[in-house]
Amino acid sequence: MEMAITFHNSSFKSPFINPSSNPKPKFLFPTQLSGLISSPLSSFNSKTTCLKFGSRTFTKPVKCSVSQAAQPAIEKRSQLKRRSDIRNIAIVAHVDHGKTTLVDAMLKQSKVFRDNQFVQERVMDSNDLERERGITILSKNTSITYKDTKINIIDTPGHSDFGGEVERILNMVEGVLLVVDSVEGPMPQTRFVLKKALEFGLAVVVVVNKIDRPSARPDFVINSTFELFIELNASDEQCDFQAIYASGIKGKAGLTADNLAEDLGPLFESIIRCIPGPHIDKDGALQMLATNIEYDEHKGRIAIGRLHAGLLLKGMEVRVCTSEDSCRYARISELFVYEKFSKTPVERVEAGDICAVCGIEDIQIGETIADKAFGKPLPAIKVEEPTVKMAFSINTSPFVGREGKYVTSRNLRDRLYRELERNLAMRVEDGETADTFIVSGRGTLHITILIENMRREGYEFMVGPPKVINKKVADKLLEPYEVIF
């Protein structure tokens, strides 16, 4: 099959060229000024790049987007090797733009399931609350194989209240699929996840999903996404992003909106060619950042993350570091990698791959699994602060103990602080009384999901009304520079 990839031409109308739609700002910071002048004007001279996969000939290599903020880090890693047999990607989007449905189609077409196997819809949404509400709450890992290349896929939540999940997993990937609805276009969460991806210097492939809808407007969506890149001070290479048009529910993708292939082949080819492989230091000291935590009744706590450097072996003695001065020792009892839709036990994992580690009972998210002798900790994971808080207290009504079995303040306290081990975006503080606790989250839905999970687990408690967290602002603000034309 012969296909041609057409990259988005940056000659779309810039939102800063028309003074009537966007008035000329009076005050600008220097960083804003450089973003307005350099990105749009220089992007108008970019040309369309075409590839033909059938003949394996192409006129120009695919350029991956890299943010300006990440340039020093990339220069520092220039001496590192890049693995060509692995791609680590995250699928990010606004809520209900079709991320999980698109992952379903990718899994089915990669022969992850048998032909006669029954597979339910939104197979990645394994949590009961996720299936009932129809949204993704927790990020999950899976992998597929395409043309001898392993693609590790991380499905992320789309609601802004669960943005901490997205911020956390961006440490594990080199690129993202930015899924945008063909009718709605970029939404608030689209802006948030794209901003974080650009800050991490990740390659971005824009997927215009639900292109089969009668009211689809792909040109508007592409133009709006391009304007969003410019507003976020993206570089010229980032603004020259690759656009793929897809229908997740039908399992089709194409390089133009009116000419879709019969499968997701164009999407897979774009991932292989535009998302770079991981930079690795194969001979360096072991370094792995624990980005996610799972719990198994038989294996205990399982740390999930990407191996940044070195070689990880089953039964290996390692050092677990929170900082340079806070380290302890442990032994790896079991080691897993993600193969298709399950974890596969292995004896060793090389740098660049995403793996699951057992044997460290007290491992926490953000800690580094390092070499016993020469390992050093990686930078800690940072997420944005909570915005809403609620008061949790024990049930003092006459009907106490009729529905739940955990009713004491000690039970409530243990459960809330145990939630902090996995939920980095949540905060718990002691209240004014011994029976009251203040829980802070990214939004009301973020805390509501915790309340519903605790209710189903048998906890009985009372909650107060949500209150907005007011942040303290410095008394003296920096005065902006005046730009004189």
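**Entry 1: lysine 196 and helix 6**

I began with lysine 196, which I found in helix 6, where helices are DSSP runs of H or I with at least four residues, strands are runs of E with at least two, and both are numbered from the N terminus. Before going further I noted that this is a predicted model, in which local features need pLDDT of at least 70, side-chain atom pairs count only at pLDDT 80 or more, and totals for chains, interfaces and linings use all residues. I also noted that residues are numbered from 1 along each chain as its sequence is written, and that side-chain values use heavy atoms, with hydrogens and water left out.

Is lysine 196 buried or exposed? Lysine 196 counts as buried because its relative accessibility is 11%, given that buried means under 20% relative accessible area, exposed over 50% and partly exposed in between, with a 1.4 Å probe and protein chains only. Setting aside neighbours within four places in sequence, I listed Glu167, Leu170 and Glu384 as the contacts of lysine 196, a contact being heavy atoms within 4.5 Å.

**Entry 2: helix 6 against helix 7**

I then looked at how helix 6 (residues 188-199) lies against helix 7, and found that their axes come within 10 Å and cross at roughly 50°; this makes helix 6 oblique to helix 7. The axes are lines fitted to C-alpha atoms, for helices over the stretch in contact, with angles running from 0 to 180 degrees between N-to-C directions. Under 35 degrees counts as roughly parallel, over 145 as roughly antiparallel, 65 to 115 as roughly perpendicular and the rest as oblique.

On the helix 6 side I noted Thr190, Arg191, Leu194 and Leu198, which meet Leu228, Phe229 and Glu231 in helix 7. By class, this contact has four nonpolar, one polar and two charged residues, where Ala, Val, Leu, Ile, Met, Phe, Trp, Tyr, Cys and Pro count as nonpolar, Asp, Glu, Lys and Arg as charged, and the others, Gly among them, as polar.

**Entry 3: two lysines with positive phi**

I looked up lysine 210 in the loop between strand 8 (203-209) and helix 7 (218-231), and its phi is positive, about 60°, although it is not a glycine. Lysine 210 counts as partly exposed because its relative accessibility is 21%.

Lysine 147 also has a positive phi, of about 50°, without being a glycine, and I placed it in the loop between strand 5 (140-146) and strand 6 (149-155). Those two strands run antiparallel and are joined by seven bridges, pairing being called where DSSP finds at least two bridges between two strands. Tyrosine 146 stands opposite threonine 149 in strand 6.

Which order do the strands of the open sheet follow? I read 5-6-4-7-8-9-10-11 for its eight strands, with mixed pairing. Strand 5 and strand 11 (259-260) stand at the edges with a single partner strand each, so one side of each is left without a neighbour in the sheet.

**Entry 4: strand 15**

Last, I turned to strand 15 (residues 300-309), where nine of the 10 residues are buried. Strand 14 (residues 292-296) runs antiparallel to strand 15 over five bridges, and the two form a hairpin with three residues between them; here glutamate 294 stands opposite isoleucine 302. Strand 22 (residues 354-358) also pairs with strand 15 in the antiparallel sense, over five bridges, with isoleucine 354 as the bridge partner of arginine 306. Strand 13 (residues 287-289) is joined to strand 15 by two bridges, again antiparallel, and glutamine 287 stands opposite alanine 309.
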